[in-house]
4 protein chains.
Amino acid sequence: MSKTDLHQTLLDICADMAGCNDKGAVANYIPELAKVSPDRFGISVCLADGQQFSAGDATARFSVQSVSKVFTLAIALGRYGDGLWRRVGREPSTHEFNSVQELELRKGIPPNPFVNAGALVTTDMILAGSTPAETLGEMLRFVRQAASDDDILIDPAVAASETITGHKNWALAHFLASFKNLEHPCERTLGVYFHHCAIEMTCEQLAHFGRFLAGFSHSPSLVSRDNVRSINALMMTCGHYNGSGEFAYRVGIPAKSGVGGGILAILPGKASIAVWSPGLNKQGNSLLGTRALEALSKSLEWSVFDSGR
Amino acid sequence: MSKTDLHQTLLDICADMAGCNDKGAVANYIPELAKVSPDRFGISVCLADGQQFSAGDATARFSVQSVSKVFTLAIALGRYGDGLWRRVGREPSTHEFNSVQELELRKGIPPNPFVNAGALVTTDMILAGSTPAETLGEMLRFVRQAASDDDILIDPAVAASETITGHKNWALAHFLASFKNLEHPCERTLGVYFHHCAIEMTCEQLAHFGRFLAGFSHSPSLVSRDNVRSINALMMTCGHYNGSGEFAYRVGIPAKSGVGGGILAILPGKASIAVWSPGLNKQGNSLLGTRALEALSKSLEWSVFDSGR
Amino acid sequence: MSKTDLHQTLLDICADMAGCNDKGAVANYIPELAKVSPDRFGISVCLADGQQFSAGDATARFSVQSVSKVFTLAIALGRYGDGLWRRVGREPSTHEFNSVQELELRKGIPPNPFVNAGALVTTDMILAGSTPAETLGEMLRFVRQAASDDDILIDPAVAASETITGHKNWALAHFLASFKNLEHPCERTLGVYFHHCAIEMTCEQLAHFGRFLAGFSHSPSLVSRDNVRSINALMMTCGHYNGSGEFAYRVGIPAKSGVGGGILAILPGKASIAVWSPGLNKQGNSLLGTRALEALSKSLEWSVFDSGR
Amino acid sequence: MSKTDLHQTLLDICADMAGCNDKGAVANYIPELAKVSPDRFGISVCLADGQQFSAGDATARFSVQSVSKVFTLAIALGRYGDGLWRRVGREPSTHEFNSVQELELRKGIPPNPFVNAGALVTTDMILAGSTPAETLGEMLRFVRQAASDDDILIDPAVAASETITGHKNWALAHFLASFKNLEHPCERTLGVYFHHCAIEMTCEQLAHFGRFLAGFSHSPSLVSRDNVRSINALMMTCGHYNGSGEFAYRVGIPAKSGVGGGILAILPGKASIAVWSPGLNKQGNSLLGTRALEALSKSLEWSVFDSGR
């Protein structure tokens, strides 16, 4: 496929998405996020040869929210390796992303690092030995380095908004603490968690960030090849909460979504893709973002399950 | 990699597996299967160029059991397309392979076609308009054609053994019937189900069978490219029951296991792999089979999540 | 209170019930039961002094269904004593009366003898050493003796109807068998179960039957005083499935309901009450029957939780 | 029975309990409570004629903990009547007393007012329009008036201890808040909750307190007769968490336990009983306290399910 074709495909997808009547519902449980228009849509793709193509609102900043669970996982995996799995599992969840009940059934061990409870645990692990400010600094450095872009910031208003209204996350943190699966006071771990969820990025920045997961030679070498495989595997089986099976079936690309409407999708060796549209489906994943990735995967045969790669 | 290397890798894996102390527990709830020695181990790999390499007990017949869920899914998907998903879901299960409780929570819609309840539904669907004998005949023809081998048979003793002792499957069938998600009498659907589970194959036959899922050009064209992608996706997210996340993480190859100890694993465009060892881990998947696939994936970087493919 | 007052109270309740618009829904999963009119209503009360008062359709026969769980419990408790509790629990259930999921969570031990799975176990226990015909004969003798009335029979059409359509009960039986908590073949235990559920009685007969549970001196002595207390306690905490708490709160009298619309209620030392109306509430208990008992309890201060007794 | 006999029965029970080897485990999740010796045992009984008999450590103060759920229920029921049931249910729970999962299944409506989540809701309701100090003042006045004793206080060390370590209660409160089933900030409702759990009473005071629930004419008239029946009914079906069925079966008296080891038991019209021993069984109810009440009920035929009353 010529590069021109890819750009045209992105423009076509962009136009198709604009024509959709059902754009999902913008997350309303974080007041700051509820202000964004569901009509926004952006997409950006980085290729192995270093080229990048974009369409739509690809330079608009959005709140990465749960996409930041990839950041914490990458850092925690680098620091703790398989020791990580003593405190969190690797299995998909059949419950909602902020479910408490499965945490009770599993005696305080979250099913995987991509549900809220699991990311609270990885956050708690990378907090060890540092202050919250230092930990957030380390995360920002990691993200900026991977994205080769220093203009990536945290929106304090979003973090503050969630600190006040995020009762389910407070419940999860206290619940983890009751099983002694948090080492720091709940408010400290939650503080870091709410702030890294509030990192703002554009599609272009996020696609750039994902290059190390696609294994591109021009990407900064931040994570071992083994850990890259591990992160991609977890994105495939757990990246879309209780809609992960559906996403794997329709799209076939490892990916992680956030309630801000962003999705980071990685086609190993071939492409790092970021898409954003704030309207969500009932599992809490971007409705148009998912559709766009399905269209992209179908039209280019970009699926890890396709022989034609 | 040269072909000689692949053969040597298989021989090495074979030797490593023989040296393992813990070989898992042979399924004891089907009396006929309990007779097999846990020391058996075989592996076979078909490549895109048509070559096949094997090691160990690769020509010994074993009971495919739940690997046959791939057969019923392939046939049902071909016949009903997306209509299939009205009666069965596409999400991983966090319960045991024969769990009843999640069927109750989901009001009679099994989570996916690779747990027992889901395969009962796909079996029921391909029974429509045919007698049990005709349906089993169709399945055998499909399997033989895909494997390019007519010497594939059903072991009636295994089928009879399970008919008598398979109380959980009887419970699942009646439960599905209570939700009107079986169209045929329980004993008829179960009869076909128990018989296709009792198909016997060797690793060499099963690896040969899998070529169409790997998308090899020399494979009989039995299923559309779209459906191949769909089946591979489901094998990745749901192929190992409540151990699917762990398998994706460790191995990174779409695969389906059976309690007979067999696993069919598909690396799209590159390899169709069959492995067999009857001892099971606690999720009901072949213990050595899983380890062997992990070793193969690691040493050859055969993971769909690796950029190096 | 004079006896005339009690009769008048029953007549008043009868009139009030006839005026209710919502009479609930007749059980439709047993075809034979679906034929009964929801307008039917009968009530009968036996007092400690031997007098009996009735109103409405108190001499119409209805299918006792789950009220027969009291019969099997009484016989099993007499034969096995506390040994019974090795195979069934004594806790209320928060699920539906034919729930499979809690059976899975509890590894094949039903929560109590008044949900279907629990009654299958008590039925299985009293089957030991006898043929189905002998066991049913024993049960009928027990019921007739307690009721001092030989004109109590099984309706074979209802039993046959449920044998064909009772998929959930078949599922429960096979599920119990898979946990080795049935000693007889499923079809044998279910055969006895479906038949004792199909016993037909009138309100007058059922109120007469309950005298031994009320501890009346003129009642045949069939069960020890300890066991009477035990049965009444279980009726209070478990007698109305997942509506038992509500019933205890509103009525305050130990009672057991059946999907045929009958309820047996026991005020120890004071009254044995039977009420029947075939329309059910969403927990599967007689809607008007429950209301009638609430009215009776309120107007006469007939609650075990009231100090005025 | 003569009064002398009752006293002798209490002394006998006291001696029997002292001889038990297994005295249960003192609650260790509240550090302050973990300090009490499991050898302590006290019992006290108030009769309808105004007499009171006691044995053992009946004048030792203990932390009432969940027995205070009766206080909040009584006040809330008096203030809101049936309006209370819009925010909390009336069914027994099959989970632990501090379970979060059933709260998720029930969408934020606790199963009953006697599990922690339910008592948080009743506490939140009686907080309406008052400061925490005023609400606690009202509760203390209610308890002192019912007990005809002003020497009843809150132990601030216990309240402080639980505020710091009670992560599950914090989780429950935030979870309720996420479903908008708390009207006040979590810390405020929890503050009142932790403090009323920390009320200290002796067995003699608690038995005296219970007189209004037994309907004694010499008791202060604090609650309507209807509400007394309601509270007793809830104590019977829900008073011992997921051990309520077992307690009803063995003891047959409406009762409410606390993790401090106290139990208040009410035999309507006949007796108000308080027992205390700090060692708990696995459901979190006093082990010796339960045994003592069973012995009392058996020897005096004090069960609401017995005809002999």
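This is a short tour of a predicted model, going from whole chains to the parts of one chain and then to a contact between two chains.

**Stop 1: chains A and B**

Select chain A and chain B. A rotation of 180 degrees, with 0.0 Å of shift along its axis, superposes chain A on chain B with an RMSD of 0.0 Å. The two copies are therefore related as by a two-fold rotation axis. The same surface serves both copies, since 100% of the contact residues of chain A recur in chain B.

**Stop 2**

Hide everything but chain A.

Now look at where the two domains of chain A meet. Here 33 residues of domain 1 are in contact with 41 residues of domain 2. About 3100 Å² is buried between these domains of chain A, and carbon and sulfur atoms give 66% of that area.

**Stop 3: the salt bridge between the domains**

Which residue forms a salt bridge with Arg61(A)? Select Asp151(A): the closest N and O atoms of this pair are 2.5 Å apart. One salt bridge is found across the interface of domain 1 and domain 2 of chain A.

At least two residues each come from β4 (62–63), β6 (199–201), α9 (203–209), α10 (211–214) and α11 (225–238). The largest share, seven residues, comes from α11(A). By type, the residues on this side of domain 1 of chain A divide into 18 nonpolar, ten polar and five charged.

**Stop 4: chains B and C**

Bring back chain B and chain C. Each gives 16 residues to the contact. The area buried between chain B and chain C is about 1400 Å², with 66% from carbon and sulfur atoms. Select Gln101(B), His167(B) and His174(B): they supply 37% of the area that chain B buries against chain C, more than any other three residues.

How many salt bridges lie between chain B and chain C? The count is zero, while two residue pairs are in polar contact across this interface.

Finally, show α3 (101–105) and α7 (167–178) of chain B, the elements that give two or more residues to the side touching chain C. With eight residues, α7(B) gives the most. The side of chain B that touches chain C divides into eight nonpolar, six polar and two charged residues.

Conventions. Residues numbered from 1 in each chain as written. Chains lettered and ligands numbered in written order. Predicted model: local features only at pLDDT ≥ 70, side-chain atom pairs only at ≥ 80, totals over all residues. Heavy atoms only, no water. Least-squares fit on C-alpha atoms with pLDDT ≥ 70 in both. Contact = heavy atoms within 4.5 Å. Buried area = accessible area lost by both parts, 1.4 Å probe. Salt bridge = Lys/Arg side-chain N within 4 Å of Asp/Glu carboxyl O. Helix = DSSP H or I, 4+ residues; strand = E, 2+ residues; numbered from the N terminus. Nonpolar A, V, L, I, M, F, W, Y, C, P; charged D, E, K, R; others polar. Polar contact = N/O pair within 3.5 Å; in protein donor to acceptor, adjacent residues only side chain to side chain.
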